[in-house]
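Subject: Structure for you to look at

Dear colleague,

Here is the structure I said I would pass on. My notes follow below it.

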Amino acid sequence: MRFLPLIWRSLLRKKIRSGFTLVSITVAFLLFGLLGAIKTAFSVGVELAGADRLVLIHKMSPAHLLPISHLARIEAVAGVVDALPETWFGGIYQDPKNFFPQFPVDPERLLRIGSELVVPEEQKKAWLANRTGALVGRSLVERFGWKLGDRIPLLSPVWRKKDGSHLWEFTIEAIYDGAQEGVDTGRLYFHYDYFDESRAYARGLVGWYVIRISDPQQAAEIAERIDAQFANSPYETKTATEKSFLQAWGRQTGDIGLIVTAVVSAIFFTLLLVAGNTMAQSVRERTSDLAVLKAVGFPNSLLLRLVLGESFLFAFVGGSLGLLLAWILVRRVDLPGGLFMVFYLPGHYYLYGSVFMLLLGLASGILPGLRAMRLRIPDALRRV
């Protein structure tokens with residue numbers, strides 16, 4: 001630490017160049033943080049998927065509906081603990097840009113299977129008692145300024161009511177939070193019984209089933225037994241683990257993880273060139289200074305540490321500023337139209353960022369540091 005002022009003065013020797021290099025490092029780590037949050041937004045459902053849950057859909061595609069009568073046969077399969085039928089509602093709240101998922105469900109089954117949903121006990125009772133009641137996530141409440149008791153109108157272009165209207169209204173009876181960070185709190189659930197009795201067509205049909213099993217190790221065998229129940233029927237099924245289902249769904253938009261990795265790699269390669277060039281120029285410009293330090297007794301190992309100290313200081317100051325800005329933006333920025341229901345930067349990305357800072361400091365400073373060590377005093381002083 002006693003040589004920190006010397007390192008700092010060396011960095012300030014060319015203030016403009018050092019400033020631009022610091023900004024480039026800061027921007028790179030800012031992008032790293034934002035891309036990490038985006039990747040998490042696409043993959044968090046996969047990461048949080050229950051190991052003891054399966055998803056059953058129509059064998060043709062998720063767009064084909066299934067009979068609610070499948071429920072009893074699914075629950076009769078050995079290894080199945082519980083099952084929840086769900087259906088995509090696709091309602092519009094005020095404006096098509098206000099997108100968020102809505103699902104008619106059996107409330108009691110949802111609360112049993114959805115262990116990641118935290119709902120106050122009094123609100124649970126109120127939702128169960130009101131057939132037109134809704135359970136909404138915390139992020140929806142904050143996004144639209146809703147509160148308990150509010151009447152929410154949803155215009156569904158898909159589902160028409162018996163009276164010919166496409167307008168459905170629900171009363172907010174309960175608000176759920178996530179049991180852990182990353183749980184999607186941007187959904188609205190309402191009673192399937194009310195939905196099924198009120199819709200004009202497709203009564204007795206549902207979109208898919210979420211199934212809880214007793215032993216995750218036997219997921220493949222249980223899935224096969226379930227699908228065998230409906231083989232060679234008009235409603236053949238395809239059952240897979242919840243994680244596999246979400247991964248397949250996510251791949252429809254492309255391999256986000258690969259895209260993010262490629263972008264981050266390109267950023268850091270460019271950054272390494274910029275930082276390495278800055279350190280190399282700094283050492284070249286201070287050839288005489290380094291020669292004097294060697295002449296007065298500074299050992300080669302100390303010169304190497306001084307040069308590496310400059311590069312590490314660059315990397316950690318710029319990287320820390322970038323990650324701090326990323327944290328602020330991820331926490332404070334409200335994305336238009338609810339682009340992502342879950343948008344946060346997990347803690348392990350800060351650890352990765354610290355490792356990248358260390359590698360960046362080492363890679364950009366090691367060659368200039370070795371050059372300083374090999375510097376011959378007479379040759380350096382003759383260049384003055």
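This is a predicted model: local features need pLDDT of at least 70, side-chain atom pairs count only at pLDDT 80 or more; totals for chains, interfaces and linings use all residues.

Overall figures

The protein chain has 384 residues, and 45% of them count as buried. Its accessible surface is about 19,600 Å², with 61% belonging to carbon and sulfur atoms. Of the contacts in the chain with a separation of 6 or more, 81% are between residues 24 or more positions apart.

Nonpolar cores

In soluble globular proteins, nonpolar side chains tend to be buried together. The largest nonpolar core in this model holds 38 residues. Those touching the most other members are Ile74, Trp146, Leu188, Ile211 and Ile226. There is also a second, separate core of 17 residues, with Leu84, Leu110, Leu117 and Tyr189 among them.

I looked at Leu188 in more detail. Setting aside its neighbours within four places in sequence, Leu188 contacts Phe100, Pro101, Gln102 and Phe103, then Ala134, Leu135, Val136 and Leu140, and also Trp146 and Leu154.

Strand 7

Leu154 belongs to strand 7 (residues 151-155), where the side chains alternate. Ile152 and Leu154 point to one face and are buried. Strand 7 pairs with strand 8 (residues 167-178) in the antiparallel sense, over 5 bridges.

Salt bridges

Side chains of opposite charge can pair when their charged atoms come close. The count for this model is 13 salt bridges.

Asp52 and Arg212 form a salt bridge, with 3.2 Å between the closest N and O atoms. Asp52 is in the loop between helix 2 (15-48) and strand 1 (53-58), and Arg212 is in strand 11 (residues 208-213), so this pair ties together parts that are 160 residues apart in sequence. Arg212 is buried, at a relative accessible area of 15%, whereas Asp52 is partly exposed at 23%.

Arg109 and Glu75 meet through their side chains at 2.5 Å, N to O. Arg109 counts as buried at 14% relative accessibility, while Glu75 counts as partly exposed at 31%. Both residues belong to a network of salt bridges that links Glu75, Asp82, Asp106, Arg109 and Arg112.

Glu197 and Arg131 also form a side-chain salt bridge, at 2.7 Å, N to O. Glu197 lies in helix 7 (residues 192-198), and Arg131 lies in the loop between helix 5 (121-129) and strand 6 (133-137), so the pair ties together parts that are 66 residues apart in sequence. Here Glu197 is partly exposed at 41% relative accessibility, and Arg131 is partly exposed with a relative accessible area of 38%.

Regards

Conventions
Residues are numbered from 1 along each chain as its sequence is written. Side-chain values use heavy atoms; hydrogens and water are left out. A nonpolar core is a set of buried Ala, Val, Leu, Ile, Met, Phe, Trp, Tyr and Cys residues joined through side-chain atoms within 4.5 Å. Buried means under 20% relative accessible area, exposed over 50%, partly exposed in between (1.4 Å probe, protein chains only). Contact means heavy atoms within 4.5 Å. A salt bridge is a side-chain nitrogen of Lys or Arg within 4 Å of a carboxyl oxygen of Asp or Glu. Helices (H or I, at least four residues) and strands (E, at least two) are DSSP runs, numbered from the N terminus. Accessible areas come from the Shrake-Rupley method with a 1.4 Å probe; for residues, only the protein chains shown count as cover. Two strands pair if DSSP finds at least two bridges between them.
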